[in-house]
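Reader: I'd like to go through the labels on this one and hear what backs each of them up. Can you take me through it?

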Amino acid sequence: QVQLVESGGGLVQPGGSLRLSCAASRSIFSINTMGWYRQAPGKQRELVARIGSGGSTNYADSVKGRFTISRDNAKNTVYLQMNSLKPEDTAVYYCNFYIFAGSVAGDYWGQGTQVTVSS
């Protein structure tokens with residue numbers, strides 16, 4: 001019903017920046033929550049940042065002050081600006097859309113994009 005397409009991952013040196021994007025494959029009237037999660041090798045998937053329909057945000061403690069999540073409702077897109085990247089930020093990053101109601105209600109995930117922070 002809805003596919004999420006991610007872009008923006010890659011290899012960056014410590015201290016560098018990357019911007020991730022995630023767009024829905026179709027127009028959606030209302031997306032309740034958009035978020036980014038990550039999974040490092042051998043670890044469980046964890047929440048990185050989340051933004052509600054009204055713009056409220058919450059972040060993992062490990063990324064506060066370095067990462068910023070934002071959304072463009074007209075484009076059904078969520079962004080994650082990542083600054084001051086550290087090697088421990090290396091992981092596969094997944095976007096998530098939660099749609100509470102309507103014909104496409106459900107919990108959707110992107111395919112994942114690799115972020116590698118290394119010198």
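Author: What follows is a set of questions about labels and the values behind them. This is a predicted model, where local features need pLDDT of at least 70, side-chain atom pairs count only at pLDDT 80 or more, and totals for chains, interfaces and linings use all residues. Residues are numbered from 1 along each chain as its sequence is written, and side-chain values use heavy atoms, with hydrogens and water left out.

Reader: How do you know that C22 and C95 are joined by a disulfide?

Author: The S to S distance for C22 and C95 is 2.0 Å. A disulfide is a pair of cysteine sulfur atoms within 2.5 Å, so the label applies. The count by this rule is 1 disulfide.

Reader: Which parts of the chain does that pair link?

Author: Distant ones: C22 is in strand β3 (residues 18–24) and C95 is in strand β9 (residues 91–99), 73 residues apart. Strands here are DSSP runs of E, at least two residues long, numbered from the N terminus.

Reader: Why is the disulfide of C22 and C95 called right-handed?

Author: The torsion about its S-S bond is about 50°, so it gets that name.

Reader: Are C22 and C95 buried or exposed?

Author: Buried means under 20% relative accessible area, exposed over 50%, and partly exposed in between (1.4 Å probe, protein chains only). C22 has 0%, so it is buried, and C95 is at 0% too, so it counts as buried.

Reader: What about S21, buried or exposed?

Author: S21 sits in strand β3. Its relative accessibility is 19%, so S21 counts as buried. Leaving out residues up to four places away in sequence, S21 touches V5, E6, S7, W36, V78 and Y79, where contact means heavy atoms within 4.5 Å.

Reader: And what makes S30 partly exposed?

Author: S30 has a relative accessible area of 33%, so it lands in the in-between class. You'll find S30 in the loop between β3 and β4 (33–39).

Reader: How do you know that β4 and β5 pair?

Author: Two strands pair if DSSP finds at least two bridges between them. β4 and strand β5 (residues 46–52) have 6 bridges, in the antiparallel sense, so they pair. Y37 stands opposite L47 in β5. The two strands form a hairpin with 6 residues between them, and G42 in the turn has a positive phi of about 75°.

Reader: How many bridges join β5 to β6?

Author: There are 3, with β5 and strand β6 (residues 57–59) running antiparallel, so that is a pair as well. A49 has Y59 in β6 as its bridge partner. This hairpin has 4 residues between β5 and β6, and G55 in the turn has a positive phi of about 100°.
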